[in-house]
Amino acid sequence: DEVRELVGEPWSRKGESPLRRNGATTSTIYLDGEPCLLPRGRVRDQEVGSEVRLQTLQALSSRDALDADVKRRMIRGLSTRDYDDALGALSNGLGLKKSAVSEAFVRASKKDLDLLNGRSLAEMTFVAVFIDGTFFADHTCLVALGIALDGKKVVLGVREGASENAELVKDLLQSLQERGLVLAKRTLFVLDGSKALGKAVRETFGERAVIQRCILHKRMNVLSYLPPSWHAEAKRRLNAAWGMATHEAALQELKKVQRWLKKINESAAASLGEALEETLTVHRLGITGTLRKTLLTTNPIESAIEVVKHHARRVRRWSGATMVLRWVGSGLVRAEDQFRRVKGHEKIPQLVAALENLSLKNSKDVA
């Protein structure tokens with residue numbers, strides 16, 4: 001069609017145009033990740049003395065399109081060694097070799113990682129930010145995820161390294177600010193149990209940050225001090241306390257659990273006492289129902305990482321942090337495509353109002 005548009009039908013008059021048909025050739029293009037041979041006409045510019053490059057051909061032979069198709073197939077479980085066998089029969093022996101597939105995936109996954117860590121964050125206002133250091137392929141990845149005013153979840157950024165590393169945390173937070181992160185007047189930060197993480201958030205955002213400690217991380221920390229025989233009872237008591245309807249009732253029950261733990265193991269009791277109030281921030285804000293359940297833990301990040309682990313399940317050898325970050329980046333982009341608005345998003349205006357009305361005296365302990 002493009003050749004016909006440039007030079008007309010073979011039998012048509014040429015007019016004053018310097019473009020002429022110049023025989024035919026065969027080119028390789030990529031369709032759905034498969035290399036195919038395409039017979040096509042050639043066009044020559046007689047004035048310039050060179051062949052005219054066809055725009056449609058350039059688009060079909062684009063390496064970007066190939067990279068995207070290779071990435072899509074690989075995260076669905078097709079390995080580099082199987083790629084040639086899977087496509088060779090369909091492409092007249094032109095199947096891609098292992099090295100070419102690997103290079104294509106490296107390029108595509110790097111683009112995903114660069115997208116997550118480089119795109120502008122200025123178009124949305126975020127009322128809650130989750131930050132968690134999660135374990136993946138023998139590496140710890142620090143992931144930040146935000147909830148916008150409309151309840152939409154957005155992956156804000158990712159770094160490789162433990163959340164206990166204060167400099168790494170600050171680097172991530174400063175990157176978010178440089179990319180135009182827009183926060184509500186006050187924002188809820190849901191964090192794992194890292195002291196460095198909480199410190200970095202406070203130093204970066206000051207009184208605008210209201211901190212909720214993930215109750216699952218806190219429960220795990222408490223249980224780590226107890227023998228297995230006490231785990232079930234400790235879980236029951238902690239879950240019952242955090243399940244109380246009001247802040248006052250939950251605080252009273254947690255203090256009872258702390259006194260009970262002190263009789264069994266003082267270290268477990270001390271672990272619960274450390275930032276005990278910060279595990280009840282959402283209670284203090286008066287948030288109830290499914291939105292409370294979402295805001296009490298860093299599960300939104302864990303759920304996204306499960307998508308990453310599922311797509312990387314066939315990877316047997318990891319060649320370092322760069323490869324891990326690329327896979328995490330591609331997996332998080334795919335997970336983001338599957339995101340739905342958080343359950344209970346109808347109560348986000350209530351959350352915004354509660355954060356703004358939280359007195360400085362009350363917020364002093366949590367921000």
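**Notebook: helix α8 and its surroundings**

I started with helix α8 (residues 215–223) and helix α11 (residues 266–273), which pack at about 165° with their axes 8 Å apart. Helices here are DSSP runs of H or I with at least four residues, numbered from the N terminus. I took axes as lines fitted to C-alpha atoms over the stretch in contact, with angles from 0 to 180 degrees between N-to-C directions. The two helices, α8 and α11, are therefore roughly antiparallel (over 145 degrees counts as such).

A note on the source: this is a predicted model, in which local features need pLDDT of at least 70 and side-chain atom pairs count only at pLDDT 80 or more, while totals for chains, interfaces and linings use all residues. Residues are numbered from 1 along each chain as its sequence is written, and side-chain values use heavy atoms, with hydrogens and water left out.

**α8 and α11, continued**

I found that α8 passes α11 in a right-handed crossing (the near helix is turned clockwise from the far one by less than a right angle). Lys218, Asn221 and Val222 of α8 meet Ala268, Ser271 and Leu272 of α11, contact meaning heavy atoms within 4.5 Å. I sorted this contact by class and got three nonpolar, two polar and one charged residues.

**α8 and α9**

Next I looked up α9: its axis and that of α8 come within 11 Å and cross at roughly 150°. That makes α8 roughly antiparallel to α9 as well. The crossing of α8 and α9 is right-handed. From α8, the contact uses Ile215, Lys218, Arg219, Val222 and Leu223; from α9, I listed His231, Ala234, Lys235, Leu238, Asn239 and Trp242.

**Thr298**

Where does Thr298 sit? I found Thr298 in the loop between α13 (289–295) and α14 (299–311). Thr298 is buried, at a relative accessible area of 1% (buried means under 20%, with a 1.4 Å probe and protein chains only). Beyond four places in sequence, Thr298 has contacts that include Asp132, Asp192, Cys214 and His217. I also checked Arg213: it lies 85 residues from Thr298 in sequence, and their C-alpha atoms are 8.8 Å apart.

**Confidence**

The protein averages 85, and 84% of the residues score at least 70. Helix α9 (residues 231–242) has the highest mean, 97, and helix α4 (residues 80–88) the lowest, 46. Over residues 78–95 the pLDDT is below 50, and it stays under 50 over residues 360–367 too. Where pLDDT is low, the predicted coordinates should not be read in detail.

Notes:
Parallel < 35°, antiparallel > 145°, perpendicular 65-115°, else oblique. Nonpolar A, V, L, I, M, F, W, Y, C, P; charged D, E, K, R; others polar. pLDDT = per-residue confidence, 0-100. Buried < 20%, exposed > 50% of the residue type's maximum accessible area, 1.4 Å probe, protein only.
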